[in-house]
Amino acid sequence: MNNKKKVYLRTYGCQMNLHDSERLLSLLAEINYDRCDRGEDADLILFNTCAIRDHANSKFYSHLGEIKRIKLANPQLLVGVGGCIGELEGAKLLAKFKYLDFVFSPDTLEKIPQIISTFEKKERSSAPVLLSNQCSLQEKFSFKDTKIVNKGPRAFVAIMKGCNNFCSYCVVPYTRGRERSRPLMEVFDDVLRLVEVEGVQEVTLLGQNVNSYSPDDVNNTHNVCDVRDVRNVQVFVDLLRKLEEIDGLRIIRYTTSHPRDMSDELIQWHGSSNKLSKHLHLPVQSGSNNILAKMNRGYTIEHYLRLLEKLRTYQKEIVISSDMICGYPNETEDEHISNLTLLDLAQFDFIYSYAFSPRPGTAAALIVDHLSDEIRSQRLRELQLKQLAIQEKIRSKMVGKKYLVLVDGVDKRQQKLKGRTNCMRIVHFTPETEIPFGGASQLQRYLWKWVEVEVSSSTAISAQAHLLS
């Protein structure tokens, strides 16, 4: 007889949130909860939220509103909200949505099983609970005992949390606190277990500012520094070198990086390493030095472009992706043109681009802004169209080349497989022999296997290929 309870979990936003959700599911498994696909089937509904972008924020509030109907039909249902919105707006959420039972911050995940057990033992009229971020810089950042059970050869591993940069548009320092790093050998042991026990072959190291990883410097209180002041980046390179020793680990990725902390040692390791991915995500945010200064980014476009030049010198095959914000408050037409010019100069493999939206509590939200949403949207479209044209030209060079890809998707209707190259480009391809419609099990045997393909055509978004082995 299966006495397990069911949890329905929705995750919004970044890879750190995805990782936090994996930790949540592992913690809930210890108190007899399995994941389900519908809120109507759940004993517990959780939202792991993102406050970085307005779109994710709006989606969450829409989905939270839909839960009222389910809670009315099932008064025993527990509902909780976590993540960045949980930290920023927890008290407001509990006051507005009377069917919420608890709200938690990113730093209080480990307390969720205890809270749920307390609710289950008490009457359902128990008062709602607010778990806010109460961690200090002196408190060690460690979750060694949280054993995430991975479901494939890829895994995320958080090595640090928080941010010291206080970019003017960003809420991360307020929702996740200041930078704190896990001990180097704890991270190593975590990855080693994933490889040896779970069969993981590709690991992505996570942090809000991952290349300032500094486990021995938990009291670091920098929030502004010169581009020449690279903070403890050698420790991050030491970690990458240590992980390189793990037999069976094939690819190491890391995200997200800050240009200010991209040292020569780290750049040179991109050329020397046998396992470091040939893709690097390096957010630039704007092509205008004036806007970068207002954003408190701590570098210039000239510095950023020198980084790209050095990276491409040491690692000939590296591809660079980036983040860009259109329509920062009072951005001029010339500053917008600087964004477009940067795309030509940088030749990004792809970008994540957004129209500026003010985040409560940040410096940029206080600026009296004269730009309209219409202008922002128009500038975003111009930027995206230009980038797509650049991508299409770059990726046309893939045609005729062979790539080793890890199959991570199966399209049963079109009888196609999907994988990613070492440099994160998406490739669609067909098996060596045509499989009759409905032969899903035959397609499934390719899932999570490494295969060699040859690209036959490409677009700005993906490539088409045929299987070689």
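Which three strands form an open sheet with parallel pairing, and in what order? The order is β7-β10-β11. Strands, like helices, are DSSP runs numbered from the N terminus: a helix is H or I over at least four residues, a strand is E over at least two. Two strands pair if DSSP finds at least two bridges between them.

This is a predicted model, in which local features need pLDDT of at least 70, side-chain atom pairs count only at pLDDT 80 or more, and totals for chains, interfaces and linings use all residues. Residues are numbered from 1 along each chain as its sequence is written, and side-chain values use heavy atoms, with hydrogens and water left out.

Start with the whole protein. It has 13 helices and 19 strands. Of its 469 residues, 53% are buried. Buried means under 20% relative accessible area, exposed means over 50%, and partly exposed lies in between, with a 1.4 Å probe and protein chains only. Among contacts with a separation of 6 or more, 74% link residues 24 or more positions apart. A contact means heavy atoms within 4.5 Å.

Five bridges join β10 (residues 202-206) to β11. Here T204 stands opposite R253 of β11. Two helices lie across this sheet. Helix α1 (residues 15-29) lies across β7, β10 and β11, at about 95° to β7. Helix α6 (residues 184-196) lies across β7 and β10, at about 165° to β7. These angles run from 0 to 180 degrees between N-to-C directions; axes are lines fitted to C-alpha atoms, for helices over the stretch in contact.

Next, look at a second open sheet. Its three strands have the order β12-β13-β14, with parallel pairing. Strands β12 (279-281) and β14 (350-355) each have a single partner strand, so one side of each is left without a neighbour in the sheet. The twist averages 15° from one strand to the next. Three bridges join β12 to β13 (residues 319-326). H281 has S321 in β13 as its bridge partner. Helix α12 (residues 373-395) lies across β13 and β14, running at about 175° to β14.

Strand β15 (residues 402-411) runs antiparallel to β18 (residues 450-458), with five bridges between them. L404 stands opposite E452 in β18. Five bridges also join β15 to β16 (residues 416-420), again antiparallel. V410 stands opposite L417 in β16.

Now the helices. Helix α2 (residues 54-73) has 20 residues and reaches 31 Å from its first C-alpha to its last. That is close to the 28 Å expected at 1.5 Å a residue, where the expected span is 1.5 Å times one less than the number of residues. Its buried residues include F60, L64, I67 and I70, but also N57, H63 and K71. Their cover includes β1 (5-11), β3 (44-49), β4 (78-82) and α3 (83-96).

Finally, take a helix pair. Helices α8 (residues 264-272) and α10 (residues 301-314) pack at about 35°, with their axes 7 Å apart. From α8, the contact is made by D264, I267, Q268, H270 and G271. From α10, L307, K310, L311 and Y314 take part.
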